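Open the model in your viewer and keep the sequence panel beside it. This tour goes from one selection to the next.

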Amino acid sequence: MTESTLLPPVARREPTPTTLHGHTLEDDYRWMREKGSPEVTSYLEAENAYTAASMKPTEQLQATLYAEMLSHIKETDESVPFRYGPWFYYTRTVEGSQYAIHCRRQAVDGAYDAAQPEQVMLDVNQLAVGQAFMAVGGMVVSPSGRLLAYSTDNTGFRQYTLHIRDLETGNDLSDTAERVGSFVWAADSSTLFYTTEDEVTKRQDKLFRHRLGTPAAEDALILEEKDERFNIGVGRTRDGRYLILEAGSHTTSESSYLPSDTPGGVFLVIAPRVDEQEYTVDHRDGLFYIRVNDTGKNFRVVTVPVDGGGREAWKELVPEDKDIPLEDFDVFAGFCVLSRRELGLTTLAVARFNPDSTLAAPHSISFPEPAYTAAGNINREFETTVFRYSYQSLVAPASIYDYDVAGGTSTLLKQQEVPGGFDSSRYASERIWATAPDGVSIPVSIVYRRETFKQNSSNPLYVYGYGSYGYPLPIGFSASRLSLLDRGVVLAYAHIRGGGDLGDNWHDAGKMMVKRNTFTDFIAITEHLVAQGYGAKDRVAIEGGSAGGLLMGAVTNLRPDLFRVVLSHVPFVDVMNTMLDASLPLTVAEYEEWGNPNEPEAFAYMSSYSPYDNLKPGAYPAMLVKTSLNDSQVMYWEPAKYVARLRTLKTNQLPLLLHINMDAGHGGASGRYDYLKEIAFDYAFLLRELGAEG
């Protein structure tokens, strides 16, 4: 399909240059920031109309894809119940309903009994009545079990309202608060601590204490975090003894504690913040267990008595492994779980506590496949003999297991059912390594359908990437992905630097003044996959979202010839203008990820890759760029400006489409059926442009 028969919107150009450090940033579309103005709304609606017209020939394909995806979902389903106190909690879905229903049943002799009456705590479908968008931010049951604190967002802007529900009556109390982030109950079940965000930057910066039955205006301000790099959050230790207040930036953290049975007390700092040091805290038998990176990037575990002083009193429990990062450390009454990342894959090891609180030799949980994701699931009980974990891979649906600590064995509780004729033996996954320009080996996870795959450079190839914030790219199962695999598309997931796939050092090697490694890694992986015959050189599609949208823009500017199709979701493409505006959400805190362009060296480096500022005349791949009007992470105007400028520069006739969800935020549609329709739309574009409609 070409654009010859359809004319895209033409955005008005109004030059508003910015000059800094002797360099001028040209911007003809800054007027698009006027959210809600008639001109902006009209332009966005015109873009949607153009995209709808361009995609009209794919409507039958979209319907087919949606039906396929829906056929692979068990629409009426129930999660594995988990115990918390005298109750078992679970969620369930009902065919035809967009949202989950959160429920519980009373335990009988410590066990789950399906014959016990179900209590519906929160039916999100009811909350969503009359709303175009609905998301639940958090849910916390009081220690008494009677009250539920929960938060909701009905715009997609991730601006949450706090509610408290009496679970005996099913009614919400008058207690409420706005712009809430985290929240936690004190032991008395009548005191709730919560954090709120700054109205402009959306930074979680204040901690309040609320007494049940009093108006929010009377809530006590306990702490205000002044450092603009830091957000705060509040929670509890697993044993329930202490409330933990954490302040964290991208590189530094600090935790304070308060006994949960003395809510009127003062939070005390466990260890004062030190630049470039991060730590997390849990508690067991009078000791704080601290996972910390004070001796190196891969973290160690130390203990310190609750009343036993600062860093000088720390006693090492688990030394740092210089080769294998320690991602997490879970503490229970009789054992702990060490989550490490070895060659980019998660490992789980369980170690029992000796009587003197040292650790016995750990026992590793084994996993059968070359590319997978494993993690602790919901483990609320401190006094327990089992550890619950989840496992999934590119070909194996999500499974929930209980690991028996004494016996050293795992029991499968549930594997997600995939109806519609799914047979995992028809698919295969691989883990390979590509070499970056500087010689570093980069892991790649691959999945394909066995009978359609031929390693002879004929298959359409899809490559996904992210590569920022130290976030490890998950290797999980996707039922909707089957629609691509069954049409012969080979899917690859690029574990590029800037992500956390090989630990913090991997993150550091792809941020700040070495951010370009992220982009060259992705290009090297794509070239390697094509060279090794995993895909045809003229049938390569790529996808990324948010910071992964920055990746899409950067690699497309660097190598437009390498890609045939680009799917870019809520892309962070206007790097310079955003990072020069400290009034926007995230900007100041993000200096530790991207750099501060007010500094000349950072300005020069960042402007060398900023997608919006590096567009130039030439041929570009087919592109579908998607955003949401109420996105609070990447403002809608970034992709809108990017598309408008690119339209003035691209010299070929491949499609360039912009779609704006006018009722959602950073994550797109909130309802599960609506979200599937969005995926079907994306896949229809991708398959059409690859000539793989099937």
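Start with strands β36 (residues 540–545) and β37 (residues 565–569): they run parallel and are joined by five bridges. Strands here are DSSP runs of E of at least two residues, and helices are runs of H or I of at least four, numbered from the N terminus. Two strands count as paired if DSSP finds at least two bridges between them.

This is a predicted model, in which local features need pLDDT of at least 70, side-chain atom pairs count only at pLDDT 80 or more, and totals for chains, interfaces and linings use all residues. Residues are numbered from 1 along each chain as its sequence is written, and side-chain values use heavy atoms, with hydrogens and water left out.

Now select Ile542. Opposite this residue stands Val566 in β37.

Widen the view to the open sheet of eight strands. Its order is β32-β33-β35-β34-β36-β37-β38-β39, and the pairing is mixed. At the edges, β32 (427–435) and β39 (656–661) each pair on one side only. On average, neighbouring strands are turned by 15° against each other, direction ignored.

Next, show helix α11 (residues 637–647). The helix packs on this sheet and touches β38 (622–628) and β39. Contact means heavy atoms within 4.5 Å. The directions of α11 and β39 make about 160°. Axes are lines fitted to C-alpha atoms, for helices over the stretch in contact; angles run from 0 to 180 degrees between N-to-C directions.

Move to the other stop, an open sheet of four strands. The order is β12-β13-β14-β15, with antiparallel pairing. Its edge strands are β12 (180–185) and β15 (220–224). The twist averages 20° from one strand to the next.

Finish on β12 and β13 (residues 191–197), an antiparallel pair with four bridges. Select Val184: Phe193 in β13 is opposite.
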